[in-house]
Amino acid sequence: MMVYGFGSYFFSENPYRDVDILIVHGSEAFESCMRAIELKKNILREVKGAHISILSKSAEAHFDFVFTSSAILLGIVDENDFTLSIDKIISKLEAVRKT
């Protein structure tokens, strides 16, 4: 799964109200959807103010959301180790806001 950030948190120096995050998961299969939902729950526990959207890879391609929203890649999630992946995503979130 790939995790992207978009919106004012990433592109504005002004105060922000939320942290917009997109999870793109592999397929429309039940298992893929459930893993994306599990990842969303884990991120919500760690990132205050997160608003998380989920799209399958095919839905993202159809809507071209990453390009249209100028989303930035925060990380590629190891489905066997959410904790390590989320830690890396949080580090990237903090680094983005400092610049």
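Reader: Which residue forms a salt bridge with Arg 35, with the closest N and O atoms 2.8 Å apart?

Author: This is a predicted model, and within it Arg 35 and Glu 38 both belong to helix α2. They are three residues apart, about one turn of the helix. A salt bridge requires a nitrogen and an oxygen within 4 Å. With its closest N and O atoms 2.8 Å from those of Arg 35, the partner is Glu 38.

Reader: Which parts are tied together by the pair of Glu 79 and Arg 35?

Author: The closest N and O atoms of Glu 79 and Arg 35 are 3.7 Å apart, and the two residues form a salt bridge. The pair joins parts that are 44 residues apart in sequence, because Glu 79 and Arg 35 lie in separate places: the loop between β4 (72-76) and α5, and helix α2.

Reader: Which residues are linked in a network of salt bridges?

Author: The structure holds two salt bridges. One joins Arg 35 to Glu 38, and another joins Glu 79 to Arg 35. The network therefore consists of Arg 35, Glu 38 and Glu 79.

Reader: Is Arg 35 buried or partly exposed?

Author: A residue is buried under 20% relative accessible area and exposed over 50%. The relative accessibility of Arg 35 is 23%, so Arg 35 counts as partly exposed.

Reader: How far from Asp 18 is the nearest side chain of opposite charge?

Author: Asp 18 is found in the loop between α1 (8-11) and β2 (19-25). Asp 18 is buried and has no salt bridge. The nearest side chain of opposite charge belongs to Arg 17, and the distance is 6.3 Å.

Reader: Which side chain is joined to that of Asp 18 by a polar contact of 2.8 Å?

Author: Leaving aside neighbours within four places in sequence, Asp 18 is in contact with Tyr 9, Gly 49 and His 51. A polar contact of 2.8 Å links the side chain of Asp 18 to that of His 51.

Reader: What is the phi of Ser 70?

Author: Most residues other than glycine have a negative phi. Ser 70, in the loop between α4 and β4, is not a glycine, yet its phi is positive. Asp 64, in the loop between α3 (57-63) and α4, also has a positive phi, near 50 degrees. For Ser 70 the value is about 55 degrees.

Reader: Which element of the chain has the lowest mean pLDDT?

Author: The chain averages a pLDDT of 93, and 98% of the residues score at least 70. Among the elements, helix α4 (residues 65-68) has the highest mean, 98. The lowest mean, 88, belongs to helix α5 (residues 82-98).

Key:
Residues numbered from 1 in each chain as written. Predicted model: local features only at pLDDT ≥ 70, side-chain atom pairs only at ≥ 80, totals over all residues. Heavy atoms only, no water. pLDDT = per-residue confidence, 0-100. Helix = DSSP H or I, 4+ residues; strand = E, 2+ residues; numbered from the N terminus. Buried < 20%, exposed > 50% of the residue type's maximum accessible area, 1.4 Å probe, protein only. Lys, Arg positive; Asp, Glu negative; His and termini not counted. Polar contact = N/O pair within 3.5 Å; in protein donor to acceptor, adjacent residues only side chain to side chain. Contact = heavy atoms within 4.5 Å.
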